[in-house]
Structures are given as C-alpha cells and as structure tokens.
Amino acid sequence: MDSLESELERARDLDASALADAIETIGFECTRCGACCKAGETACGGGDDDSDDATDESDAADPEPHTATVFPDEIRELQAAGDYDFRDVARPMPYGIEQTPDGPRGETFEWALQTDECGDCTFYAEDDGGVGACTVHEDRPLICRTYPFSVGLGGTSQPMGEAVDEEGMVRAHECEGLGRDISRADAEELAAALKERAVRELEEAIGVRENYRPTERDGVVVHDSEGQKRPDGTPIDRE
C-alpha cells in the first residue's frame with residue numbers, strides 16, 4: 001500500500017480536465033431529492049407504517065444519522081457565515097465513541113456535520129413540495145460539493161458505500177442524479193472541487209497522524225489535524 005505522502009503527490013498531480021471528462025461520461029445532475037443529506041427514509045416517520053404492506057421491518061432500528069466529514073477550517077468558515085456556535089455546525093465522528101451511564105466516552109478521528117433530531121444534516125431543509133435545499137449552499141463543505149463522486153486514491157474517503165459506476169480515477173456512488181447530462185462548465189467546476197477534496201483529505205490524514213497523541217482524558221476526545229479537542233472544538237491543551 002502506498003504511503004499517504006505518495007498518495008498526496010498523486011492527488012496533486014491529478015489532471016482536472018481528465019476528471020471532468022470522466023464526470024461528463026458518467027453524467028450527473030442534482031435532483032434535490034435530499035438523499036445525500038438525510039439519515040434515511042424511515043427516520044422521523046418517513047416510512048408509511050399505516051400501509052397494508054407494513055411488516056415487522058417497521059420496528060427495525062432507526063437508520064444511522066447522516067455522516068459527512070467536515071474539515072476544521074470548513075467548520076470555522078460555516079461558523080463565520082452564519083454566526084453559529086461550533087456545535088451548531090459539527091459533531092465528533094461517532095466511530096469509537098460509546099454511551100456509558102456517565103455519558104459518552106472514547107476517542108475518535110475527525111468531525112461530521114451536525115445532525116437534527118431525525119439524524120438529517122442540520123443544514124438540510126425541504127419546501128412544502130418536498131424539494132430539498134442546503135441552507136448553507138454557498139459555504140457547503142467539499143464533501144457536499146463533490147457528491148456523489150470520489151477519486152480512486154488510498155487515504156481518501158468513499159462516501160455512501162461502494163461505487164456503483166467508475167470512469168478512470170473517478171468513482172460514482174449511489175445517487176438518482178447519475179446518468180444525466182452535465183454541461184462541460186459544471187463538470188469542470190465539479191472536477192476542480194473533487195481534486196481539491198482529494199488533496200485536502202490526504203493533507204488532513206497526514207496531519208492527524210502527525211498530531212496524534214494518546215490520551216487518558218475522560219469523556220470524548222476528537223483527534224484532527226490540529227490536535228486533540230473536546231466535542232465543542234476546544235483544544236485539550238487549553239483546559
């Protein structure tokens with residue numbers, strides 16, 4: 001397996017024009033269905049429990065909350081854009097955290113966009129007709145700007161499970177907007193953001209590795225590229 005540093009060099013050398021070609025070949029147009037922003041169809045009564053087809057599946061566990069990685073500087077940008085508190089924007093990645101009688105405990109890596117009581121992205125909204133929209137669209141993180149695409153490099157994230165289509169270095173993940181016509185200008189804009197995201201993810205992964213320090217602190221500790229932090233973003237070394 002290549003090192004993170006070598007993968008970072010590969011990411012920096014990605015040909016944005018070739019990425020745009022691949023995106024054009026796959027095709028994409030956002031339908032504003034909101035699937036990439038929501039926990040799932042059964043969250044908060046999204047399912048139809050009164051239908052004749054209802055089965056024991058209606059009693060199944062709630063879907064996992066929406067989980068989208070957000071970089072530390074993207075959190076600050078969103079805070080500044082809307083005068084939000086840190087915890088209005090982000091929450092610790094849930095992996096590695098366990099619920100105990102004394103509250104949540106554990107160590108985790110990176111941050112996810114905050115979710116509402118339904119598990120949906122807190123910045124997602126729907127109009128009366130069910131058409132979705134991002135309330136921070138102009139300031140949305142790179143993971144959101146580039147969905148449903150990723151690049152085939154080690155150390156980069158693969159959102160929403162396995163790829164359902166691919167072309168060259170570009171992977172496409174489950175989305176009803178795939179296969180639709182996309183303009184060259186939109187493909188190039190998406191490709192530029194996709195390359196930037198690949199570089200940023202690898203830079204962040206290297207920063208996390210270099211700044212990781214084991215800790216015996218109680219409660220939840222989040223390791224990101226800037227060090228160890230509490231769930232409200234406060235650096236532990238300031239406690």
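Of the 239 residues in the chain, buried ones make up 40%. The model is a predicted one, and its secondary structure comes to six helices and 12 strands. As for how the chain folds back on itself, take the contacts with a separation of 6 or more: 64% of them are between residues 24 or more positions apart.

Helix α1 covers residues 4–12 and α6 covers residues 184–211, and their axes come within 9 Å, crossing at roughly 160 degrees. That angle makes α1 roughly antiparallel to α6, the cut-off for that label being over 145 degrees. In handedness, the passage of α1 across α6 is a left-handed crossing. On the α1 side the contact uses Leu4, Glu5, Glu7, Leu8, Ala11 and Arg12, while α6 brings in Lys195, Ala198, Val199, Leu202, Glu203, Ala205, Ile206 and Arg209. Sorted by class, the residues in this contact come out as eight nonpolar and six charged, with no polar ones.

Then there is α2. Its axis comes within 8 Å of the axis of α6, and the two cross at roughly 120 degrees. With that angle, α2 is oblique to α6. Here the crossing is right-handed. Ala16, Ser17, Leu19, Ala20, Asp21, Ile23 and Glu24 are the α2 residues involved, and they meet Arg184, Ala187, Glu188, Leu190, Ala191, Leu194 and Lys195 of α6. The class count for α2 with α6 is eight nonpolar, one polar and five charged residues. Lys195 turns up in the α6 list for α1 and again in the one for α2.

Arginine 200 also sits in helix α6. Despite its charged side chain, arginine 200 counts as buried, at 19% relative accessibility, given that buried means under 20%. Setting aside neighbours within four places in sequence, its contacts are Phe71, Asp73 and Leu142.

On to the aromatic residues. Searching the whole structure turns up four aromatic pairs. In one of them, phenylalanine 28 and phenylalanine 149 have ring centres 5.8 Å apart and ring planes at 85 degrees, so this pair is edge-to-face. Phenylalanine 28 belongs to the loop that runs between α2 (16–26) and β1 (69–70), whereas phenylalanine 149 is part of strand β8 (residues 149–151); the pair therefore ties together parts of the chain 121 residues apart in sequence. Both partners, phenylalanine 28 and phenylalanine 149, are buried.

Two further pairs of positions are separated in sequence. Glycine 82 is in helix α3, which spans residues 72–82, and is partly exposed, at 31% relative accessible area. Between glycine 82 and threonine 135 there are 9.9 Å in space, C-alpha to C-alpha, against a sequence separation of 53 residues. Glutamine 99, for its part, is in strand β3 (residues 97–100). With a relative accessible area of 66%, glutamine 99 is exposed. Its C-alpha lies 10.0 Å from that of glycine 219, a residue 120 positions away in sequence.

Note on methods: Residues are numbered from 1 along each chain as its sequence is written. This is a predicted model: local features need pLDDT of at least 70, side-chain atom pairs count only at pLDDT 80 or more; totals for chains, interfaces and linings use all residues. Side-chain values use heavy atoms; hydrogens and water are left out. Axes are lines fitted to C-alpha atoms, for helices over the stretch in contact, and angles run from 0 to 180 degrees between N-to-C directions. Helices (H or I, at least four residues) and strands (E, at least two) are DSSP runs, numbered from the N terminus. Angles under 35 degrees count as roughly parallel, over 145 as roughly antiparallel, 65 to 115 as roughly perpendicular and the rest as oblique. A crossing is left-handed if the near helix is turned anticlockwise from the far one by less than a right angle, and right-handed if clockwise. Contact means heavy atoms within 4.5 Å. Rings of Phe, Tyr and Trp (its six-membered ring) pair if their centres lie within 6.5 Å; planes under 30 degrees apart count as stacked, over 60 as edge-to-face and the rest as tilted. Buried means under 20% relative accessible area, exposed over 50%, partly exposed in between (1.4 Å probe, protein chains only).
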